[in-house]
Amino acid sequence: FTYVLILGGWLLDIEKLTLGENIGEGEFGAVYEGVYMGQRVAVKTIKCDVTAQAFLQETTVMTKLQHKNLVRLLGVILHKGLHIVTELMTKGNLVNFLRTRGRSVVNSVQLLRFSLDVCEGMDYLESKKLVHRDLAARNVLISDDNVAKVSDFGLTKVDSKVSDKAKLPVKWTAPEALKKEKFSTKSDVWSYGILLWEIFSYGRQPYPKMSLQEVKDKVEQGYRMEAPEDCPPSVYSLMRVCWEQEPRKRPGFHKLREKLDREMEKLSPG
Ligand code: ADP
């Protein structure tokens with residue numbers, strides 16, 4: 001069983017896991033909450049066949065990563081398929097978090113905090129030369145103490161080849177990635193710009209009312225989304241540099257982080 005060899009120390013004991021409620025649906029199967037040796041966890045579960053390959057890839061990448069803004073892998077369980085056990089993010093994904101709470105509950109300091117959290121996680125991924133490829137607010141989860149963490153490394157690749165064009169999240173994907181499958185940290189930066197737009201619009205669907213084909217065509221011709229309502233101009237200008245047609249002209253995550261730090265300093269000094 002090659003999986004066992006690859007995963008070595010990451011194998012957990014099914015006997016020590018108590019499964020609880022279903023808390024979400026992933027592409028490959030349900031996500032449950034649970035308790036493992038006293039710790040609250042999330043368990044992503046699938047039947048072990050073709051899709052196990054994708055999961056194992058996700059897991060192998062995750063074993064190498066540790067950062068406060070990346071959802072942490074605790075291990076895997078092999079029992080009637082594959083179960084991926086991660087820390088439990090009790091407040092769910094960022095889209096739902098923002099939609100259900102809205103402007104009356106979440107202030108702009110909190111929005112900026114989430115933006116910085118994601119940026120720090122991505123800065124770390126960039127330092128590991130990893131490209132996420134599916135960065136979007138739906139793939140950012142919120143912990144019990146309101147820390148935003150990047151999840152869903154299913155599409156993460158060390159190199160930038162091969163992808164299934166039909167499955168690309170068009171509204172989040174950079175033009176050069178859509179057209180020529182050129183994925184890079186700079187295409188993640190484009191997606192991060194869309195994510196910023198999602199955050200500051202409290203979880204709206206990007207390019208409202210536009211079809212996917214329309215988005216592809218118009219963005220290629222230079223069309224960009226307007227600023228969300230009440231979005232600070234400085235934050236909107238960050239979105240716009242993330243959406244430079246030319247990947248080289250987009251900042252890296254480190255640069256973005258410095259800029260966001262300065263914004264935070266202005267909004268909540270000290
Ligand atoms: P997929 O990548 O296959 O679409 P996800 O990993 O995004 O599946 O999980 C689907 C949903 O399950 C998420 O949107 C989220 O609501 C929930 N979920 C996933 N992982 C966790 C977690 N660690 N803690 C809490 N909820 C989670």
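The model is predicted, so local features need pLDDT of at least 70 and side-chain atom pairs count only at pLDDT 80 or more, while totals for chains, interfaces and linings use all residues. Residues are numbered from 1 along each chain as its sequence is written.

Let's start with helix 4 (residues 108–127), whose 20 residues reach 28 Å from first C-alpha to last, close to the 28 Å expected at 1.5 Å a residue. Helices (H or I, at least four residues) and strands (E, at least two) are DSSP runs, numbered from the N terminus. After helix 4 comes Lys129, with a positive phi near 60°.

Helix 9 (residues 253–267) and helix 4 have axes that come within 9 Å and cross at roughly 160°. The two are therefore roughly antiparallel to each other, a label for angles over 145 degrees. Among the residues that meet are Leu112 and Leu116 in helix 4 and Leu256 and Leu260 in helix 9; contact requires C-beta atoms, placed from the backbone, within 7 Å.

Now to the ligand: 21 residues surround it, the closest being Gly24, Gly26, Glu27, Ala42 and Met89. Here a C-beta atom, placed from the backbone, must lie within 6 Å of the molecule. Strand 1 (17–25) and strand 3 (39–46) each give two or more residues to this shell, and strand 1 provides the largest share, three residues.

Here is the shell by class:

| Class | Residues in the ligand shell |
|---|---|
| Nonpolar (Ala, Val, Leu, Ile, Met, Phe, Trp, Tyr, Cys, Pro) | eight residues |
| Polar (the others, Gly among them) | eight residues |

Conventions:
Expected span 1.5 Å × (residues − 1). Axes fitted to C-alpha atoms, helices over the stretch in contact; angles between N-to-C directions. Parallel < 35°, antiparallel > 145°, perpendicular 65-115°, else oblique. Contact = placed C-beta atoms within 7 Å.
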